[in-house]
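Here's a walk through one model, taken a piece at a time. Have the coordinates open and follow along.

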Amino acid sequence: MAPDATVSAAAPLPWTGPPIAVVGIGADGWDGLGRAAREAVGDAEILFGSTRQLALVPEAVTATRVNWPSPLLPALPELLERHSGARLCVLASGDPMFHGIGVTLARLFGAGALRVLPQPSSASLACARLGWSLAETPVVSVVGRPLVTVLPELADRRRLLVLSADEHTPPVLARLLGRHGFGASELTVLEQLGGPAERLHTGLANKWDRPPGDPLNIVAINCVADPDQPRATRLPGLPDELFGGDGQLTKHEIRALTLAALAPAPGELLWDVGGGSGSIAIEWCRAHPANRAVTFERLERRRLQISDNAAALGVPHIVIRGELRAELAGDAEIASPDAIFVGGGLTQDDLLETCWAQLRQGGRLVVNAVTAESESLLLNWASAQGGALRKFQIYRGEPLGAFTAWRPQLPVAQWSVTKKRDIGPVFPTDG
């Protein structure tokens, strides 16, 4: 699951029992396991897994079998702690550390609590069948995630793999590609990889008429983009027409310059203050799958349009909240951000003071202003805290009769600054 943008990651829970064996098992079942994996399963007193996974283990294995509850994640810590004195084994599909239960257990209890025995992942097997380079093929999991998270990965002539949630993922994915200008893409559905029932089905997204098949499948996409559709890549500066709403939008030229100043890195958290259409938070999250954002917008109708835009552009995990200071005064725990963008409400009392206090040491603050009053505030803050001041004037060519004229957009003043770290003395001192 994607990390929560509102709270900090918790430290691993203490684990006092024997190491948990986490064994990957493929569609080839028991016959495909090596000696170490078989011994780990055979030595277990409690064996956890899905109904399908447990059925792959022969009856001769005497461990008590426990089916995973649903929902799994809330119940997992207490369930394992209840059996912590026994020898535990957890079954996983393929490689447990590839979008699997092994990742969840490592986050919960730390790597030292586990002994992981992987099998080839479904992505490895798919690339082997297709002749694709595994190292160059992105993989998107839609298990427990919205299918639209595939959208930021799409690009003409790109190859990618989608880990399906179930047998309904391929036809729904085909329709999604068609709606977003990738209907001519070739899909290959690979079912039961590595097992005796392995099957491959290939067709075009806009002509996909195959009914749902096996729930254990992975989908390969050979992307073909419609040249008449607006390009929507991970690079900042998406076309303005991709954002719905009331026009409260950081225009794409200024947006690209603003994202460059914010400088998103993988896994970082942004606060977007005065969200409007959500364009800055959306582009921040599209920059890398691990990026997170909380957008603060006081108007409900704009919060709704941010939600719609985020889903349409493949980043529905953006957290949408009300006015910043009201949210901070409430009960919600919100993690300190790596960067803050202020694009609206700049002249409200204490808004910049609040943002500066919440920004972590080493974090970046970027503020855009279009009025003389807001610009004056930026000058004062830059005088006190340093940073860089810039002013942008964008002109767009527009028809003027039979000719073209340059129409100026509103000039935008921008202040960007890094909150200095308190690094202590530069040189060691005698104690």
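Contact here means heavy atoms within 4.5 Å. One thing to keep in mind throughout: this is a predicted model.

## Around Glu268

Let's start with Glu268, which sits in the loop between helix 7 (252-262) and strand 11 (269-273). Is Glu268 buried or exposed? With a relative accessible area of 12%, under the 20% cut-off, Glu268 counts as buried.

Leaving aside residues up to four places away in sequence, Glu268 touches Ala263, Trp284, Asn291, Arg292, Asp338, Arg360 and Arg364. There's also a polar atom of the Glu268 side chain 3.0 Å from the backbone nitrogen of Ala265. Ala263, one of the residues in contact with Glu268, comes just after helix 7 and takes a positive phi of about 55°.

## Helix 7 and its covered face

Now step back into the helix itself. Ile254, Arg255, Thr258, Leu259 and Leu262 are buried in helix 7. Looking down the helix axis, these buried residues fall within an arc of 135°, so they line one face.

What do the buried residues of helix 7 pack against? Their partners are helix 8 (279-286) plus strand 11, strand 14 (339-342), strand 15 (364-369), strand 16 (388-392) and strand 19 (412-418).

Strand 11 runs parallel to strand 12 (residues 292-296), and five bridges join the two. Leu269 has Arg292 as its bridge partner in strand 12.

At 3% relative accessibility, Ala369 is buried. How far apart are the C-alpha atoms of Ala369 and Gln414? They are separated by 6.3 Å, although the two residues are 45 residues apart along the chain.

Not counting residues up to four places away in sequence, Ala369 touches Leu346, Ser374, Glu375, Leu378, Pro411, Val412 and Ala413.

## The annotated span and strand 1

Over to another stretch of the chain. An unreviewed UniProt entry places the feature "domain: Tetrapyrrole methylase" at residues 20-203. In the model, that span is 27% helix and 23% strand, and its end C-alpha atoms lie 42 Å apart.

Strand 1 covers residues 20-25, and six of its six residues are buried. Both faces are covered: Ile20, Val22 and Gly24 are on one side, with Ala21, Val23 and Ile25 on the other.

Which way does strand 1 pair with strand 5 (residues 114-117), and over how many bridges? The pairing is parallel, over four bridges, and Ile20 stands opposite Leu114. Strand 1 also pairs in the parallel sense with strand 4 (residues 88-93), over five bridges. There, Ala21 has Cys89 as its bridge partner.

Terms used:
Residues are numbered from 1 along each chain as its sequence is written. This is a predicted model: local features need pLDDT of at least 70, side-chain atom pairs count only at pLDDT 80 or more; totals for chains, interfaces and linings use all residues. Side-chain values use heavy atoms; hydrogens and water are left out. Buried means under 20% relative accessible area, exposed over 50%, partly exposed in between (1.4 Å probe, protein chains only). A polar contact is a pair of N or O atoms within 3.5 Å; within protein, one must be able to donate a hydrogen and the other to accept it, and residues adjacent in sequence count only if both atoms are side-chain atoms. UniProt positions are given in the numbering used here, feature names are shortened, and annotations may be inferred rather than shown by experiment. The arc is that of the directions from the helix axis to the C-beta atoms. Two strands pair if DSSP finds at least two bridges between them.
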